[in-house]
Amino acid sequence: MPNMKRTLPFFAAILLAGCQTGTSPIGGTVPDKVYARVISLSPSVTELVALLNVTNVLVGRTSGDNRPGYIKHVTIVANPSPDLEKIVQLQPDLVLVEANLINPNTLEKLKEVGSFDVEVLDIDSLEDWEKAVYRLGSLLQAHTRASEVVDRVQQAISNANLPDSYYKPKVMVAMSSTSPWIAGLGSFQADVIRAAGGELVGPDADRFVATNPESIVQWSPDILFVSDDPATFKGATWESTRAGKDGEILQVYADILLRPGADVERLIEAMSKEIRRVGSTR
């Protein structure tokens with residue numbers, strides 16, 4: 001069997017944009033409210049704030065916020081649940097929340113305990129991601145930078161279009177080899193795969209779902225993107241798939257594969273290269 005121990009070269013030394021260059025509103029208009037003390041309760045949202053070059057406003061983050069590295073000095077206010085007392089003590093004027101990562105009851109309490117604004121970002125698709133970038137650009141006075149970021153993602157999607165003569169590979173995204181969770185057809189990861197030129201196969205769901213071996217064998221993807229060591233994806237289930245037989249089990253670092261964060265453009269570009277390579281050989 002071919003060697004499956006492969007990590008996409010793109011992810012070997014990945015860097016996030018992070019220089020603290022200033023941005024200003026389009027047209028130079030003065031906003032109704034300027035936020036100077038911001039708390040992020042989502043690793044993905046923290047990455048997006050960094051992508052917009054405005055981490056200077058961050059005063060609070062979660063224990064899971066590990067990228068970019070230079071935000072580690074920011075006070076931790078959630079581990080993993082938000083510490084409402086600590087949040088209030090930091091006197092933020094804005095708290096950023098990702099809908100999928102907060103309990104509804106906690107969200108209601110958060111809205112009640114302080115005089116700060118709470119912005120909830122719902123990121124379940126590439127369209128949602130773009131809306132979130134634009135919204136953060138508006139809130140944090142980084143309009144121009146937000147437009148540039150979204151334009152680059154749109155260009156990456158355009159560049160990823162496969163020629164009509166190419167076979168469109170079937171792609172699966174998986175977590176864990178022993179108790180596999182597979183990305184659903186309506187998930188954020190599915191949107192990224194389609195944007196990169198592939199055809200996602202997996203459960204009919206909008207998130208990762210625990211999946212039985214029989215279904216994995218039946219879907220038999222041409223490429224399998226995984227968040228764990230590819231060498232662990234062995235045994236009859238994985239070796240029965242086309243990806244297993246051809247050595248196309250490719251690792252993507254979990255923080256990049258599983259978060260709708262700052263590396264969407266480069267994720268699409270890197271996946272597109274692999275999808276195009278496999279598509280040209282079928």
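Mentor: On a 1 Å grid over the protein atoms alone, a cavity is a set of points where a 1.4 Å probe fits but cannot get out. Points are joined across faces, edges and corners, and a volume is the space filled by probe spheres set on them. This structure holds 1 cavity of 30 Å³ or more. It is a predicted model: local features need pLDDT of at least 70, side-chain atom pairs count only at pLDDT 80 or more, and totals for chains, interfaces and linings use all residues. Residues are numbered from 1 along each chain as its sequence is written, and side-chain values use heavy atoms, without hydrogens and water.

Trainee: How much space lies in the largest cavity?

Mentor: About 40 Å³. Its lining (residues with an atom within 4 Å of a point) includes E47, R67, D255, R259, P260 and L267. Helices α10 (254-257) and α11 (264-279) each give two or more residues to that lining.

Trainee: And which residues are closest to the centre of the largest pocket?

Mentor: E98, N100, L101, L258 and P260, out of 17 lining residues. A pocket is an open set of points with protein on both sides within 12 Å along at least five of seven lines. This one has about 560 Å³ of space. Helices α1 and α6 (188-195) each supply at least two of its lining residues.

Trainee: Back up. How many helices and strands are there?

Mentor: The protein chain has 11 helices and 12 strands. Both are DSSP runs, numbered from the N terminus: helices are H or I, at least four residues, and strands are E, at least two.

Trainee: What order do the strands take in the open sheet?

Mentor: β4-β3-β2-β5-β6, 5 strands with parallel pairing. Two strands pair if DSSP finds at least two bridges between them. β4 (75-78) and β6 (117-121) are the edges; each has a single partner strand, so one side of each lacks a neighbour in the sheet. From one strand to the next, the twist averages 25 degrees.

Trainee: Is β3 enclosed or open to the outside?

Mentor: Largely enclosed by the rest of the structure, because 5 of its 5 residues are buried. Buried means under 20% relative accessible area, exposed over 50%, and partly exposed in between, with a 1.4 Å probe on protein chains only. β3 (58-62) pairs with β4 over 3 bridges, and R61 stands opposite I76 in β4. Strand β2 (38-40) pairs with β3 over 2 bridges; there, V38 stands opposite L58.

Trainee: Which strands does α3 touch?

Mentor: Helix α3 (104-113) packs on the sheet, touching β5 (94-98) and β6. Its direction makes about 155 degrees with that of β6. Helix α4 (126-139) lies across β5 and β6 as well, at about 160 degrees to β6. Axes are lines fitted to C-alpha atoms, for helices over the stretch in contact; angles run from 0 to 180 degrees between N-to-C directions.

Trainee: New topic. What is S44 in contact with?

Mentor: E98, R259, P260 and G261, leaving aside neighbours within four places in sequence. Contact means heavy atoms within 4.5 Å. S44 sits in helix α1 (43-51) and counts as buried because its relative accessibility is 3%.

Trainee: Which residues touch the most others in the largest nonpolar core?

Mentor: W129, L140, F225, I268 and M271, in a core of 55 residues. Such a core is a set of buried Ala, Val, Leu, Ile, Met, Phe, Trp, Tyr and Cys residues joined through side-chain atoms within 4.5 Å. Beyond four places in sequence, I268 touches residues including L126, V153, I157 and V192. A second, separate core of 15 residues includes L41, L90, L110 and F116.

Trainee: How much of the chain counts as buried?

Mentor: 51% of its 282 residues.
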